Amino acid sequence: MQHGLRHGDYARYRSYCTARLRRLYKSLKFTHGRGKYTRRAITESTVTEVRFLHLVLYLAERAWSHAMEKRQLPDGPNARQRIYLIGKLRKAVKWADLFSRLCAAKGDSRTSLEAEAYAAYMNGNLLFEQDRNWDIALKNFISARAVYEELGKYGDLENQLLCRERVEELEPSIRYCRHKIGESNLQASDLLQIGEMEGPALDLFKAKLEAVMAEARSQQAASLTEFHWLGHKFPISNAKTRVAILKAKELEKDLHGPTADSVPAEKKLVIFDKIFTAYHEARSSIRSDLVSAGNADSVKDDLSGLDKAVSAVLGQRTIERNQLLVTIAKSKLTRCRDDKNEKVTKPEELVRLYDLLLQNTSDLSDLVCSGRDTKHEEVAFSEDCAVRNLAFRSQRCFYLAKSYSLAGKRTEAYALYCRARSLAENALQKFQSLSTTDEMMIKELKTLYNECRSNSCIEHASGILEEEKAPENLSEKVSAISLSGGDKKVEKSLLEKLDAYESAVGDANVKAPPRIEVFPPAFQSIPRNPIILDLAYNYIDFPSLENRMKKDKQGFISRLWR
């Protein structure tokens, strides 16, 4: 689980198995020849220590992870890749069977049982992928489940939890095999509920479930001939477009259905991502049809209208997702840090989210009004977008005021709270004048209006208190000014900032007392005396001075000592 399986990264897990095998081969001195490759078989006589069993286990895991990597291709494995995938699963079954036989001969009873369950699970996976012999696959899965249930009754707590997780992961595959045999009648909702479970043992089942749902969507898409939006009907002729729109509509039921309140926020974000993917597929298919439509004006008009409608719905879902992010961020705004050290939201993050919402509503309004003949429904929709834009502006102004308040800027915060209150009041009046009202939005605006009023009063009072204490605080800070200061983190002294209009002692953000000048002063570089070179001395012929020099008188004896 620590090497990629926790996140479904089978390529990383396969590379880990390969590196582990290389280390085992080298440490056991069980290599397959230096020049020519000659495989050395692992038999009962070869297994002299437990690391030989590790070799066989990692060979099976590497083959299985390679098959699962092929299963995770973006468009699914094609015919050639599926043959390769089944071949890797066969290889995993071969190594798993060998591992089971070796553990039965060399290991204790518990290890042998667990190896048998592992081999049965691999055999079930192979038959599950081949879409045949569902009864044999069912027997393998039931056998593996029975072993894990028995092993989960003994051992330490960690081992029991692992065995129970394995039993829960095998249960959906068993139910699906019984459904294919005809022993049980599973509905599509039951299959989707099973597919929501997590675990490495469920990845093949999820791939099979996705294939089944895609086939069911293809059958239902035949009846989907029109796309309805703002009272208009747009014909859908392309089968790929129908399937993509149908998939998006099925996912939207989880967000707007009767059970939407029970869905956690994290799961809703995942559903939104899938909806965006489906609508983007539909748009790309529509635009491909537009390119190949030729000169048929009626077909082009229908496709353009369908593209506009799908883009508008995509914009609406984007706004809903960003509103969900705002709700999550608001829940963490006033939350204290718990034992998990969860990150607390800052007002600046909400300002950024409301910036996104303002951009989304502006883009959606421009898209709806971009046609030549604007219908009455489109005008009403554009007006609704404008009112929502005003509501988002008031929310953004409110959280911008909060950020200024936390920074100690009372005047700016008070002005922004008053502005947010005015915007909220204006948005409330416009919402109440519309025929179709959003009760949730009206409730939020009323709460925002009251919070702006109370916060503006708080900021006004805090500002007055700070103004009363300002002379005293200022005198204390001025008295704390020293020549050099004791804080080494101050970047510049006051004499170095004479040209900059910055508060040294009056600003609430200034915590450390300023310093006047750096003392003792730093060393400064000064110019030295020039170096003079007498270049003419070697070229001057001076007159002889021998006639002026005093001559020594020497006797006869001194001449002999020369």
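Glu-129 is buried, at a relative accessible area of 1%. Buried means under 20% relative accessible area, exposed means over 50%, and partly exposed lies in between (1.4 Å probe, protein chains only). The model is predicted: local features need pLDDT of at least 70, side-chain atom pairs count only at pLDDT 80 or more, and totals for chains, interfaces and linings use all residues. Residues are numbered from 1 along each chain as its sequence is written, and side-chain values use heavy atoms, with hydrogens and water left out.

## Salt bridges

Glu-129 has a charged partner. Its side chain meets that of Arg-82 in a salt bridge, 3.4 Å from N to O. The pair links distant parts of the chain, with Glu-129 in helix H4 (residues 109-130) and Arg-82 in helix H3 (residues 79-106), 47 residues apart. Arg-82 is partly exposed, with a relative accessible area of 27%. A salt bridge here is a side-chain nitrogen of Lys or Arg within 4 Å of a carboxyl oxygen of Asp or Glu. Helices are DSSP runs (H or I, at least four residues), numbered from the N terminus.

How many salt bridges does the structure hold? There are 13. Three of them are set out here.

| Pair | N to O distance |
|---|---|
| Glu-129 and Arg-82 | 3.4 Å |
| Arg-166 and Glu-169 | 3.6 Å |
| Glu-320 and Arg-317 | 3.1 Å |

Arg-166 and Glu-169 sit three residues apart in helix H6 (residues 157-181), so about one helical turn separates them. Glu-169 counts as buried, at 11% relative accessibility.

Glu-320 and Arg-317 share helix H11 (residues 297-331). They too are three residues apart, about one turn of the helix. Glu-320 is partly exposed, with a relative accessible area of 25%. Arg-317 is buried, at 11%.

## Helix packing

Two packed helices are described by the angle between their axes and the distance between the axes. Axes are lines fitted to C-alpha atoms, for helices over the stretch in contact, and angles run from 0 to 180 degrees between N-to-C directions. Angles under 35 degrees count as roughly parallel, over 145 as roughly antiparallel, 65 to 115 as roughly perpendicular, and the rest as oblique.

Helix H9 (residues 239-256) packs with H11 at about 25 degrees, and their axes are 13 Å apart. The two helices are therefore roughly parallel. H9 passes H11 in a left-handed crossing. Left-handed means that the near helix is turned anticlockwise from the far one by less than a right angle; clockwise would be right-handed.

Now take helix H1 (residues 10-28) and helix H2 (residues 50-71). Their axes come within 9 Å and cross at roughly 155 degrees. That makes H1 roughly antiparallel to H2. The crossing of H1 and H2 is left-handed.

Which way do helix H12 (residues 347-368) and helix H13 (residues 376-406) run, roughly parallel or roughly antiparallel? Their axes come within 8 Å and cross at roughly 165 degrees. So H12 is roughly antiparallel to H13. The crossing of H12 and H13 is left-handed.

Tyr-25 lies in helix H1. Tyr-25 is buried, with a relative accessible area of 14%. Phe-52 is 27 residues from Tyr-25 in sequence, and the two are 9.0 Å apart in space, C-alpha to C-alpha.

Ala-413 belongs to helix H14 (residues 410-433). Ala-413 is buried, at 0% relative accessible area. Lys-402 lies eleven residues from Ala-413 in sequence and 6.8 Å from it in space, C-alpha to C-alpha.

## Loops and surface

Most residues other than glycine have a negative phi. Lys-29 is not a glycine, yet its phi is positive, about 55 degrees. Lys-29 is placed in the loop between H1 and H2. Lys-29 counts as exposed, at 71% relative accessibility.

Asn-133 also has a positive phi, about 50 degrees, although it is not a glycine. Asn-133 is in the loop between H4 and helix H5 (134-151). Asn-133 is partly exposed, with a relative accessible area of 37%.

Leu-498 is found in the loop between helix H15 (439-479) and helix H16 (556-560). Leu-498 counts as exposed, at 64% relative accessibility. With Leu-495 and Ile-516, Leu-498 forms a nonpolar surface patch, with about 290 Å² of accessible area together. Patches are made of residues with over 30% relative accessible area and no salt bridge; like charges are joined within 9 Å, and nonpolar side chains (Val, Leu, Ile, Met, Phe, Trp, Tyr) within 5 Å. Accessible areas come from the Shrake-Rupley method with a 1.4 Å probe, and for residues only the protein chains shown count as cover.
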